[in-house]
Amino acid sequence: MGFKVGDKYRTNPLSFKPGGYTVVVELDNGRQFEYTKVKYPVTYIKTIKRNKNVRKVWIKDMDKMFIDDIDSFLDKMNNK
């Protein structure tokens, strides 16, 4: 289980409103961070993936679907 990032560390005002997804980020060192109340997970994941220290990113409770190929993910989300 990862570290749940508290509201005091969040910068997007939407992160303070209820609802949204939980995005889990795993770094190269194995540490995991959970970001709750993410309203736009695709945009969030695209931004997180720019960090070279990120090994994996996924949306919690979506069958542990790993987002290694963001374009593939977008296609799957748009075709649902």
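1. Surface. The protein exposes about 5600 Å², and carbon and sulfur atoms supply 50% of that area. Accessible areas were computed by the Shrake-Rupley method with a 1.4 Å probe, and for residues only the protein chains shown count as cover.

2. Basis of the model. This is a predicted model, in which local features need pLDDT of at least 70, side-chain atom pairs count only at pLDDT 80 or more, and totals for chains, interfaces and linings use all residues. Residues are numbered from 1 along each chain as its sequence is written, and side-chain values use heavy atoms, with hydrogens and water left out.

3. Confidence. The mean pLDDT (the predictor's confidence in each residue, from 0 to 100) is 82, and 75% of the residues score at least 70. Strand E3 has the highest confidence, at 93, whereas helix H2 (residues 70-78) has the lowest, at a mean of 63. Where pLDDT is low, the predicted coordinates should not be read in detail.

4. Fold outline. Two helices and four strands make up the secondary structure, in the order β-β-β-α-β-α along the sequence. Helices (H or I, at least four residues) and strands (E, at least two) are DSSP runs, numbered from the N terminus. Of contacts (heavy atoms within 4.5 Å) between residues at least 6 apart in sequence, 44% join residues at least 24 apart.

5. Burial. Of the 80 residues, 34% count as buried. The classes are buried (under 20% relative accessible area), exposed (over 50%) and partly exposed (in between), with a 1.4 Å probe and protein chains only.

6. Valine 23. This residue is in strand E2 and is buried, with a relative accessible area of 0%. Beyond its neighbours within four places in sequence, valine 23 is in contact with Phe33, Glu34, Tyr35, Val38, Pro41, Tyr44, Ile45, Val57 and Trp58. Its C-alpha atom is separated by 6.5 Å from that of threonine 36, 13 residues away along the chain.

7. Tryptophan 58. One of the contacts of valine 23 is Trp58, which lies in strand E4 (residues 54-59). Tryptophan 58 counts as buried because its relative accessible area is 5%. Between the C-alpha atoms of tryptophan 58 and proline 41, 17 residues apart along the chain, the separation is 9.3 Å.

8. Tyrosine 44. Helix H1 holds tyrosine 44, which is partly exposed at a relative accessible area of 22%. Leaving aside neighbours within four places in sequence, the contacts of tyrosine 44 are Arg10, Val23, Tyr35 and Val38.

9. Largest pocket. The volume of the largest pocket is about 300 Å³. Its lining comprises 16 residues, with Arg10, Thr11, Asn12, Ser15 and Tyr44 nearest the centre. Strand E3 (32-38) and helix H1 (41-48) are the elements that give two or more residues to this lining. On a 1 Å grid over the protein atoms alone, a pocket is an open set of points with protein on both sides within 12 Å along at least five of seven lines, where a 1.4 Å probe fits; lining residues have an atom within 4 Å of a point. Grid points are joined across faces, edges and corners, and a volume is the space filled by probe spheres set on the points.

10. Backbone detail. Lysine 37, found in strand E3, has a phi near 60°, a positive value in a residue other than glycine.
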